Structure formats: structure tokens, C-alpha cells
Amino acid sequence: MTDSSPPMYPPLHRRLYSVWYRHMRVYTKNLLSNGLPPFLEPLIFLAAVGLGLGRYITEPMDGVKYTEFLGTGLLVTTAMFTSAFECTFGTFIRLEFEKVYDGMLAAPMTVNNLIVGEMIWAGSKGLFFSFAVLCVLSAFGIIALPYSLLAPLVGFLTAVMFAALSLLVTSFVKTINHFNFYFTGFISPMFFFSGVVFPISNLPSFVRPMAEIVPLTHSVRLVRAVCTNTYEPILLLDLLYTAVFILLVGFLAIARLRKRLVN
């Protein structure tokens with residue numbers, strides 16, 4: 001007589017942690033090359049754009065100096081980019097070339113655990129990258145502590161949001177070169193039209209509703225409010241948007257990737 005009882009799984013937090021821990025071990029094998037760029041990139045960007053262009057922009061933007069305006073935006077754009085790369089190229093390579101997920105699913109875990117673990121890992125990278133930018137900005141006196149210490153948490157939420165979106169995109173991609181359309185056609189334009197480089201109030205009236213639809217706008221508004229300690233009721237809608245986006249897009253990503261992983 002065969003045993004028809006359902007398989008025994010470890011607790012949920014252990015399964016999610018195992019996915020996170022595996023990626024952390026791989027990431028920290030090359031800690032210097034992986035951990036140093038997050039501190040160098042904001043220096044280069046601020047020197048090239050903030051300090052150069054900032055000399056010609058003397059009027060405050062949304063009540064703050066331009067370098068502070070730009071710097072607060074970088075806190076979440078770095079989380080967006082690292083999460084998008086991790087859950088597109090990184091996920092696709094693990095899925096199609098390295099076959100990492102085949103071995104992981106042989107362990108006592110479900111596809112849901114695997115994908116949620118991927119999103120948590122991407123969120124952790126986003127938190128670390130936002131913290132790196134925060135260290136640079138605070139070291140140069142561009143933003144003030146202690147209010148901005150909450151900024152990495154916004155970076156975490158931003159990274160999870162873009163992890164869900166990027167995993168959904170990955171579920172459709174058949175060849176790795178197709179990610180160029182995602183980054184060139186969506187991620188890069190969003191950097192310039194979500195209130196990072198200039199306020200969205202400066203956009204034409206017919207463009208502003210589109211800016212409110214994309215997720216980065218809401219992250220930028222949240223992190224700027226945290227860093228300047230100015231809170232408005234619209235931030236509750238930004239938090240609601242973030243939560244609904246993660247749940248809805250994450251559910252769709254899991255549903256589509258489940259079919260691909262099982263097949």
C-alpha cells in the first residue's frame with residue numbers, strides 16, 4: 001500500500017530563507033566587485049549631473065536644492081535598476097542556462113516559495129544599494145540624518161515592486177536579448193519621467209497621468225518625503241499603490257512562471 005499523505009515541508013520562513021541564503025552566498029563570493037559599485041555609481045552620477053548641471057540650476061525644486069532633489073531620487077532608482085537586472089537577466093540565466101531552479105525545486109519547497117524568495121532577495125539588494133547611496137549622500141552633506149535613515153526601507157519596497165514586474169516580463173521572454181526592449185523602452189524612460197531629474201509638475205498636462213501610472217513615481221514621492229520629513233495625505237495613496245502593485249503583479253508573475261518551471 002502506497003503512502004498518499006502530502007509531503008512534509010519545513011516552515012514557510014525556512015523555505016523563503018533558503019532561497020534568500022543561496023543567492024546571498026553566491027553574491028558575497030565576489031563581495032568586492034559586487035559591493036563596491038553601489039558606492040561609486042552615485043558619486044559618478046552626482047559629479048556628472050548634480051554638481052555640473054546643479055551649478056546652473058539655482059532655483060529650488062519642490063522646495064529643496066537641486067542636488068538634494070536629484071540625490072533623493074537616486075535612492076530609489078538604484079533599487080529599481082538592481083532589482084530589474086536581478087529578476088530579468090539573473091533569473092533568466094538561472095532558469096535557462098544554469099538550471100538552478102531545477103535543483104531548488106527538488107528540495108521540499110514549492111514554486112510559490114521560490115518566486116517569493118526571489119522577490120525578497122531582490123528587495124534585500126535594493127535595500128543595500130539604497131543604503132550605499134544614502135552613505136554617499138550623507139557623507140557629502142546632500143541629505144540630512146536621521147530622517148533619511150528610513151530611505152532604504154523605501155528602497156526595499158521599490159525593489160520588490162520591480163522584482164514582481166521584472167519576473168512577469170521574464171515569464172514571457174524566450175531569448176535573453178529581448179530584455180533590451182524592457183530596459184530601453186520602459187525602465188530607462190521611466191527614470192526621466194518619474195520626478196527624479198525634474199518635478200513631474202513640469203511635464204505637459206497630458207503626460208502627467210501617465211507618470212502617475214508608472215511605479216517609480218510613487219517610490220520617488222515616498223523617499224523624498226522621508227528624506228525631507230514632509231508628509232502629505234497623497235503618500236497614503238502611494239503606499240496603497242505599492243502594496244496593490246506588488247500583490248497583483250507578483251501573483252501574475254508566479255502564475256506564469258509556475259507553468260514555465262513545471263514544464
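Tutor: Let us begin with residue classes: Ala, Val, Leu, Ile, Met, Phe, Trp, Tyr, Cys and Pro count as nonpolar, Asp, Glu, Lys and Arg as charged, and the others, Gly among them, as polar. The structure is a predicted model, in which local features need pLDDT of at least 70, side-chain atom pairs count only at pLDDT 80 or more, and totals for chains, interfaces and linings use all residues. Residues are numbered from 1 along each chain as its sequence is written, and side-chain values use heavy atoms, with hydrogens and water left out.

Student: By class, which residues make up the lining of the largest pocket?

Tutor: A pocket is an open set of points on a 1 Å grid over the protein atoms alone, where a 1.4 Å probe fits, with protein on both sides within 12 Å along at least five of seven lines; lining residues have an atom within 4 Å of a point. In the largest pocket, the lining holds 8 nonpolar, 6 polar and 4 charged residues. Helix α10 provides the largest share, 6 residues, and both α10 and α11 supply at least two.

Student: Of the residues that line the second largest pocket, which are the closest to its centre?

Tutor: They are E41, P42, T77, T78 and F81, out of 14 lining residues. Two or more of the lining residues come from each of α3 (37–54), α4 and α6, with α4 giving the most, 7 residues. By class, this lining divides into 8 nonpolar, 3 polar and 3 charged residues.

Student: How many residues has the largest nonpolar core?

Tutor: In soluble globular proteins, nonpolar side chains tend to be buried together. A nonpolar core is a set of buried Ala, Val, Leu, Ile, Met, Phe, Trp, Tyr and Cys residues joined through side-chain atoms within 4.5 Å. Here the largest one has 65 residues, and L75, F162, Y182, I187 and L216 have the most contacts inside it. Among the helices that each supply at least two core residues are α4 (66–97), α7 (151–172), α8 (179–192) and α11 (234–262). With contact taken as heavy atoms within 4.5 Å, and neighbours within four places in sequence left aside, Y182 touches A84, T88, F162, L165, S166, V169 and I187.

Student: How many residues has α6, and what span does it reach?

Tutor: Helices are DSSP runs (H or I, at least four residues), numbered from the N terminus. The expected span is 1.5 Å times one less than the number of residues. Helix α6 has 29 residues and extends 42 Å from first C-alpha to last, close to the expected 42 Å. After α6 comes G141, with a positive phi near 70 degrees.

Student: Which residues other than glycine have a positive phi here?

Tutor: Most residues other than glycine have a negative phi, and most peptide bonds are trans. K99, in the loop between α4 and α5, has a phi near 55 degrees. N229, in the loop between α10 and α11, has one of about 55 degrees. As for the peptide bond, L145 and P146 are joined in cis, with omega about 10 degrees; P146 lies in the loop between α6 and α7.

Student: Is K259 buried or exposed?

Tutor: Buried means under 20% relative accessible area, exposed over 50%, and partly exposed in between (1.4 Å probe, protein chains only). K259, in helix α11, is exposed because its relative accessible area is 60%. K99, at 41%, is partly exposed, as is N229 at 34%.
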